[in-house]
Amino acid sequence: MPTRVLIAGGGEKVISLINTLNGLKDIELAGLCDNREDSAGMMHAKAIGLPCSTDLSAFMQSSKADIIIDTSGSPEFQKALGRIDLQPARIIDSKAAELLIYLAREKESAVQEVGRMKSEFISTTSHELRTPLAAIKESVMLILDGTAGEFSSQQGFFLKIAKRNIDRLATLINDLLDISKIESGRMRLKKAPCDIEVLARKALEPMRVLAEDKRLKLGAEFEAGLPQVSCDADKITQVITNLLSNAIKYTASGGAVNIKVSKCLSVNGLKPQEPKPGFEDFIEVSVKDTGVGIEKEDFSRLFLKFGQLDGSMTRRFGGTGLGLAICKELISMHGGEIWVESDVGKGSMFSFTLPLAN
Amino acid sequence: MGKTKVLLIDDEYDFQELMSIRMGGWGYDVIKASDGKEAIDLLLKENPDIIILDYIMPDMDGLEVLKKIRELNKNIPVIMFTAHPDTKSFEGSDTLGIAAFIPKLSAYEDAQSSLKTALNLALKKPAC
């Protein structure tokens with residue numbers, strides 16, 4: 001929780017104090033209080049939209065400040081402060097405020113350092129996890145594709161289970177790394193004009209085996225003459241792969257999963273109910289399934305980290321509960337939107353938009 | 001005409017063995033190196049047609065090895081094949097002539113088919 005700070009007094013020096021405090025993550029400015037409406041500090045505070053008041057007593061109560069920095073140095077002001085119940089706030093002077101700023105900065109750089117170490121640790125660990133897993137997968141693949149000779153159908157059945165679980169583990173490692181990058185602000189996009197149909201087909205290819213294994217019908221529809229989108233090809237392929245693998249995972253045998261890519265008119269990347277003037281062109285990608293479906297009240301939770309609807313779902317369907325949170329972040333970094341529509345028992349449709357190139 | 005020679009540089013013994021079997025099956029003659037020094041020796045001695053290079057290795061990392069390779073041979077195609085998470089963001093990698101970046105492990109995707117495609121593209125001919 002950041003410390004809520006209220007500044008008392010409106011002299012010139014308050015301007016730089018406000019700016020300094022505003023730049024600190026651990027401090028939240030509650031407002032500025034001065035007995036003159038037109039003081040330099042008041043004018044500045046108003047200009048930047050900071051709550052201001054000349055009514056010290058009322059403001060102290062409503063601002064719920066933890067600390068009051070008295071910059072006035074005026075005995076009259078201090079007397080007035082003395083008559084007000086300030087609980088639980090503490091009053092400090094400008095000198096002590098310098099110490100407060102120093103400590104907040106120290107804390108901030110320590111937090112940044114911990115964040116950097118955490119990202120580095122996850123990055124190194126993920127390499128160490130991937131290396132043996134890559135060797136395990138390659139060994140399984142060499143047997144599965146017949147390089148090591150013939151195997152029985154039961155051996156093949158067990159090997160497919162092994163491969164499926166290696167892929168699960170690989171997804172988990174990738175998801176943890178992505179979340180760590182997103183949280184530390186190190187996720188970078190390499191945007192270029194892309195043909196979305198090519199990306200969708202690339203994502204579809206490995207899904208065919210998964211769909212066949214579950215006897216699902218996997219379909220694709222692409223509107224003719226789709227314009228290029230501006231995106232990071234790897235990241236968008238990752239989003240489409242995630243939506244397709246979720247759809248396959250949550251749809252029972254005999255069902256259907258369909259991907260559709262079309263042009264759409266949208267505002268802020270979100271598809272409107274009725275197109276209105278001023279809407280921009282986007283590409284819309286939708287992945288529809290005939291799976292278990294999702295209750296409306298759970299829609300927003302789906303895109304939160306570890307937001308899988310309940311523990312039993314994790315146990316039944318596997319997954320980290322990170323995939324959709326990563327998808328949301330990646331799509332919003334592209335300037336698009338992602339959303340879900342669903343009917344319980346009938347299926348779900350996850351859609352996202354991407355802006356066109358140029 | 002002899003087989004296409006692939007120099008595989010990887011410090012992971014198991015993976016090196018597996019890849020060697022895999023690429024041997026595709027019709028390549030695979031020469032194996034476990035570190036940068038051995039790789040440079042083999043580059044000079046064996047004159048390979050293409051190099052597959054791991055990124056994280058003891059002593060010299062993949063980028064340093066690649067810089068040494070480029071001092072000796074500017075044209076040999078090099079494919080980075082690595083378990084490093086940020087494969088595509090090596091500093092300076094864009095000026096060193098990397099034909100392709102292939103992750104050793106990705107969920108769902110078959111790393112082997114990506115590698116086969118990259119080898120074919122870089123050599124401008126099918127493996128076998």
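Why is it called that?

Guide: Let's start at Gly347(A): leaving aside residues up to four places away in sequence, Gly347(A) touches Asp289(A), Thr290(A), Gly291(A), Gly293(A) and Ser342(A). Keep in mind that this is a predicted model.

Visitor: What makes Gly347(A) count as buried or exposed?

Guide: Buried means under 20% relative accessible area. Gly347(A) has 9% relative accessibility, so Gly347(A) counts as buried. The residue belongs to strand β12 of chain A.

Visitor: And how far apart are Gly347(A) and Gly219(A), in sequence and in space?

Guide: They're 128 residues apart in sequence and 15 Å apart in space, going C-alpha to C-alpha.

Visitor: What makes Phe303(A) and Phe350(A) a link between distant parts of the chain?

Guide: Phe303(A) is in the loop between α9 (299–302) and α10 (311–317) of chain A, while Phe350(A) is in strand β12 (residues 347–355), 47 residues apart. Both Phe303(A) and Phe350(A) are buried.

Visitor: How do you know that the charged end of Lys328(A) sits over the ring of Phe303(A)?

Guide: The distance cut-off is within 6 Å of the ring centre, and the direction must be within 35 degrees of the ring normal. The charged end of Lys328(A) is 5.9 Å from the centre of the Phe303(A) ring, and it does count as sitting over that ring.

Visitor: What about helix α1 of chain A: which residues there are buried?

Guide: In α1 (residues 13–22), the buried ones are Val14(A), Leu17(A), Ile18(A) and Leu21(A). Their arc around the axis is only 100°, so they're on the same side of α1(A). They pack against β1 (3–8), β2 (27–33), α2 (40–47), β4 (67–70) and α5 (94–144) of chain A.

Visitor: Which residues have the most contacts inside the largest nonpolar core?

Guide: Ile196(A), Ile236(A), Ile240(A), Leu244(A) and Phe352(A), in a core of 46 residues. Helix α7 (residues 196–213) of chain A gives the most to this core, with eight residues. Take Ile240(A): beyond residues up to four places away in sequence, Ile240(A) touches Ile196(A), Leu199(A), Ala200(A), Ala203(A), Ile259(A) and Phe352(A). There's also a second, separate core of 32 residues, which includes Ala170(A), Phe81(B), Ala111(B) and Ala118(B).

Visitor: How many helices and strands does chain A have?

Guide: Chain A has 11 helices and 12 strands. Of its 358 residues, 45% are buried. Among the chain A contacts between residues at least 6 apart in sequence, 68% join residues at least 24 apart. Its accessible surface is about 19,200 Å², with 54% of that belonging to carbon and sulfur atoms.

Visitor: And what pattern does chain B follow along the sequence?

Guide: Chain B reads β-α-β-α-β-α-β-β-α, with four helices and five strands. Among the 128 residues of chain B, 54% count as buried. The accessible surface of chain B is about 6,000 Å², and 49% of it belongs to carbon and sulfur atoms.

Terms used:
Residues are numbered from 1 along each chain as its sequence is written. Chains are lettered from A and ligands numbered from 1 in the order in which they are written. This is a predicted model: local features need pLDDT of at least 70, side-chain atom pairs count only at pLDDT 80 or more; totals for chains, interfaces and linings use all residues. Side-chain values use heavy atoms; hydrogens and water are left out. Helices (H or I, at least four residues) and strands (E, at least two) are DSSP runs, numbered from the N terminus. Buried means under 20% relative accessible area, exposed over 50%, partly exposed in between (1.4 Å probe, protein chains only). A nonpolar core is a set of buried Ala, Val, Leu, Ile, Met, Phe, Trp, Tyr and Cys residues joined through side-chain atoms within 4.5 Å. Contact means heavy atoms within 4.5 Å. Accessible areas come from the Shrake-Rupley method with a 1.4 Å probe; for residues, only the protein chains shown count as cover. The arc is that of the directions from the helix axis to the C-beta atoms.
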